[in-house]
Amino acid sequence: MDTREKDIEKLKDYKYGFTTDIENIKAPKGLNEDVIKFISNIKKEPQWMLDFRLKAYERLKLLKEPNWQKPKYPKIDYQDLYYYSAPKSMKDKPKSLDELDPKLLETYKKLGIPLQEQARLNGIAVDAVFDSVSVATTFKGELTKHGIIFCSMSEAIQKHPDLVKKYLGTVIPVTDHFFATLNSAVFTDGSFVYIPEGVKCPMELSTYFRINASETGQFERTLIIADKRSYVSYLEGCTAPMRDENQLHAANVELIALDDAEIKYSTVQNWYPGDENGKGGIYNFVTKRGLCKGKNSKISWTQVETGSAITWKYPSCILKGDNSIGEFYSIAITNNHQKADTGTKMIHLGKNTKSKIISKGISAGFSDMTYRGLVDINSKAKNSSNYTQCDSLLMGNKCGAHTVPYIKNKNFDSNIAHEATTSKISEEQLHYCQQRGLNPEEAVGLIVNGFCKEVLQQLPMEFAVEAQKLVGISLEGSVG
Amino acid sequence: MSEQLQSDFSKIVKTSKFSNEEIQLKKNFLNNFIKKGFPNRKQEDWKFLDISQIIKKSISDLSFFNDYSQSNKIDPSIFVNDLEHNKIIFINGRIEKIDFNFEDQNKIEIIDETEKDISFDYENSLIDLNSAFTDKVFKILIKKNYSLKKPLIIYHSTNDKLKSTNINLRLDFELGENSCLKLIDYFANNTAKNFINIFYNFNLEKDSILKNYKIDKLRNDNLKYSFNNIEQGNNSISETFILSAGSDYFKNEINCNLNGEYSSAFINGIFSLKENQQHEIRTTINHLVENTKSYQLIKSVLGKNSKSAYQGRIFVNSKAQKTDGYQLSKAILLDETSEFNAKPELEIYADDVKCSHGSASGSLDENSIFYLMSRGLNYQQSKDLLINGFLMDVVEKITDVEIKNLITNIIGLKQ
C-alpha cells in the first residue's frame, strides 16, 4: 500500500477526520499577561473586559490543576500552547456568506452543517465556530424580529456590553476552579444568547464547534440568558479533525434562567477520541453551569458524549429560585482507550425545587467510565426532591464502569432517591435478536439504543437522529 | 501535638515491658502518625465527618498516655444477663479478663503477638496511631472444625479514672477451616470524653463463618473509631451488624477482601441518632475472584442536630466475574436540623456482574401516618410504629435467633 492509500485508510476510521488549510493568525505561544492583552486587543475589547481577564489570570497563578479525577492524563504544558488563532479571512469581517473563505464553507459542507439553504429548511440558526472565532450567524433577521440576541461573544461585548457585564461570570466566577479560571482569562469566542421577556424562541439555536489548528487550546465561552417567561432550546455539537497531539478544550458555559423561564441545552459531542491505541484525541474539560435564578424557572441539560480521549465535565444546576427545576439526561459512551468522568451537580437552595438525573454509561474496549454526581439539598430548600438513576453497561472485561454519587440531605422535608445498576447485555437478549435475523452488531446497536432511549427522547428531533447513529458508530468493533 | 505524642510515648515505654524490637517498630508507627496527623476532610474518606476537627472541638486536652500496668476492677453490672456467653473484658483499653468457660479449651488458642507488623496497605493514620500506642495484641485462634457453643462478648468499658484519653486496642482473629465464631462487641462506656480507637483483624479460612455484632447503644460522650479488616477464603461467610446509637461520634470502617471463590459478606447497620451525634459507616468490599457475593443494608433514623454518613464502596476486579453486589441505604430525617450524607460507590472492571445500589432519604411518609391515625393511633404512636418497622427490617437480617432477640430488646423494638 502506498502512503496515499494508507492515508485514506486512516481517514476512514474517523468520519470527520480532515483538516482545512487556512493560514492562522496566532498569538505567541505561552500564557502571560501580554498574551491576554494581545487577545483582548485583537478583539478590540473594552477595558472592563481586559480587567476581567487579568483578574482571572491573577487568580489562576494561585490555583493548582485538580487531580482527584479518575482518568489521569500527561501533564499539560500551558506555556507550550497557543491561546489565540483565527482564520486569516477573519481580518476583515465578511458581510455575507458569499464573502467567506470557500475552503471554510467546504469544511462545513463536509460536516453537513446547514449554513445556507439547508439552514432555512431545517429551521436552525447557526452560529458556526471555526477554531476560535465566530464566522457567520444566520437567521439574524428572524431572531431580531423577536428581539432575540444570538451572536458571537465578541460581538456581544461590543454591542451589548450592559448585558454581558451584568451576567458574565455570575454563574462561573473568575475565582472558580483551575480550568474555569483559565477560560476566564483567555477565552476567545463563543455564543451569546439573550431571550427577552415573554419570548418563546421560534427555532432551535445551534452552534457547531470545530477545532482546527494544531496545538490550539479552545477556550469557548457561552452565555445564555433567558429573561422572565421566555423559552429557548440550544443545541451544541462538536466534531474535530484527526490529530496526533492531544488538544485541550476548556470551555465555560453559563446559563441563567429568570422567573418562569426555561432553558434546554443539548450537546452531542463527537470529538476525535484518539486512535485504537489511545494515541491522540481531545481533552474535553468543560465547565457547564446553569443558574435557576428566578421562581419557577427550569434548566435541562441533555448530553450525548461519544468522542474525546478524556471527557471530564459536570453540567450543573443551581436551583436558587423557589419551585425551580433542574434536569440532567446523559449518555456517555467510551470505547478503545477513551476515558470519561462525567455527571452532574444539583444544588437545591430554593423551596419546592425538583431535580431529576438520568445517566446511561456504556463502556467497551479498554475504556473507563465514571459517573460522579452531587445532590445537595440545603437546609432551607423545603419540600425539595431529587430522583437519580444511573445505569452502566459493560462490554468486555477490559473496561471499567464506576459510579460515585455524593448525596447530601440537610432538609427533613425533602426526598432523595438514588438508584444505580451495572450489568452487561445478556446472552438471552442477543440470542433473541439474532434469531430474528439481526447480525450481532445490529443486535447490540438495537439493545444499546433501547438502553439509552430515555435520554435520546429528550433530544430535539434533528439531534436525535444524529445521536442514534452516533451511538451505533461509537460501538463499532466492540462486539465479538 | 507532636511533642505531647513523643512524651506520652516515652511514658508508655517506661511503664510497659516491651522488647527493644517492639519499641523500634512502635516508634516507626509513631513517626508515621506524627507525619500524617489525624485524618481531616481533605481526605476523601473523611469528607463528611472530619475527625481532626471533632477531636479538637470536643477533647481539647487529649492525652495519649494510658497506664496499662495497673489493673482495674471489673464492674459486673455491665454484663449482658439474658444470654450465656464467653467474655473478653477491656477496661480502659486493658484486657482484664479472657474467659472461654463454655468452650473446649483445646480448640481455642490465645497467642501474644505484640511485635507483628501490619500485613496490608493502608493510608489511614489512625492505624498508625493504634499500632504505636496499643498495649498487648492477642490473637485468638479458633481451630479447624470447631464452632463456639456460645457467643463471645467483648466488653468495652472505661471507669471514672479515665478522662480525655486516647485508648487504642487491637485484636486478631484467625478462624480455621470450617469453624464458626459469633462475636458481640458491647460498648458500656461510663466515663466521658475519651477517644477510643479499635482495630480488629480477621482471617477467615475455607468454609468458616464469622458473625460480628457491634452494639453501641448506651448514651455517652466518647468518640469512637473502629476498623475491621476481614480476609475471606473460599466459601467463607462474614456477617456484620452495627448498631450505632450511643456515642457522640462513632465511625465504623469495614474493609473486606473476598479472596476465595463463593465467599460472601453481609453488612447491616442501624443509625439511631439524637442531639449532636455524628456517626458514620464506611465499607469497602473488594470482590477479587469469581462468584463472590456482598450485601449491605444501612438504615438511619435521625433526630435533632444529628448527622449520619454512609460511604459504601464495591470494587470488582476484572477477574471477578459473576459477582453479585448490592447496597441499600435509607434514612428518615425527623428534624429540620438532621442531616444525611451518602456516597455509595461502584467501581467495576468485570462485565458479567450484577451490581446495584440504592439510596433514599426523606421524612416519614405523611400518608402512612394518616392511615395509622385513621385507625385510632395518635401521632406519636403512628410515628413510633413506622420507625419500628423501618428498623426491624435490618434486625430481621440477623441470622442468629438468640442474638436477634437480644438486639431487638436492646434497641427496644417490637416484633
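In which sense do strand S4 and S6 of chain B pair, and over how many bridges? In this predicted model, S4(B), residues 138-142, and S6(B), residues 166-175, pair in the parallel sense over five bridges.

The discussion now turns to chain B as a whole. Its secondary structure amounts to seven helices and 19 strands. Of its 415 residues, 48% are buried. Among the contacts in chain B with a separation of 6 or more, 83% are between residues 24 or more positions apart. The C-alpha trace of chain B spans about 70 × 45 × 45 Å along its principal axes. The radius of gyration of chain B is 21 Å, which agrees with a compact globule, because a globule of 415 residues would have a value near 22 Å.

Chain B also meets chain A: 31 residues of chain B are in contact with 29 residues of chain A. On the side of chain B that touches chain A, the elements giving two or more residues are strand S18 (339-348) and strand S19 (354-362) of chain B. S18(B) provides the largest share of that side, ten residues. By class, the side of chain B that touches chain A consists of twelve nonpolar, ten polar and nine charged residues.

Strand pairing extends across the two chains. Strand S24 of chain A, residues 415-424, pairs with S19(B) in the antiparallel sense over seven bridges. In this pairing, the bridge partner of Ala420(A) in S19(B) is His357(B).

Helix H3 of chain A (residues 47-62) packs with helix H9 of chain A (residues 178-186) at an angle of about 145 degrees, and their axes lie 7 Å apart. The crossing of H3(A) past H9(A) is left-handed. H3(A) contributes Arg53(A), Ala56(A), Tyr57(A), Arg59(A) and Leu60(A) to the contact, while H9(A) contributes Thr181(A), Leu182(A), Ser184(A) and Ala185(A). The residues of this contact of H3(A) with H9(A) comprise five nonpolar, two polar and two charged.

Methods:
Residues numbered from 1 in each chain as written. Chains lettered and ligands numbered in written order. Predicted model: local features only at pLDDT ≥ 70, side-chain atom pairs only at ≥ 80, totals over all residues. Axes fitted to C-alpha atoms, helices over the stretch in contact; angles between N-to-C directions. Helix = DSSP H or I, 4+ residues; strand = E, 2+ residues; numbered from the N terminus. Left-handed = near helix turned anticlockwise from the far one by under 90°. Contact = placed C-beta atoms within 7 Å. Nonpolar A, V, L, I, M, F, W, Y, C, P; charged D, E, K, R; others polar. Pairing = 2+ DSSP bridges. Rg over C-alpha atoms; globule rule 2.2 N^0.38 Å. Buried ≥ 20, exposed ≤ 12 C-beta atoms within 10 Å, placed from the backbone.
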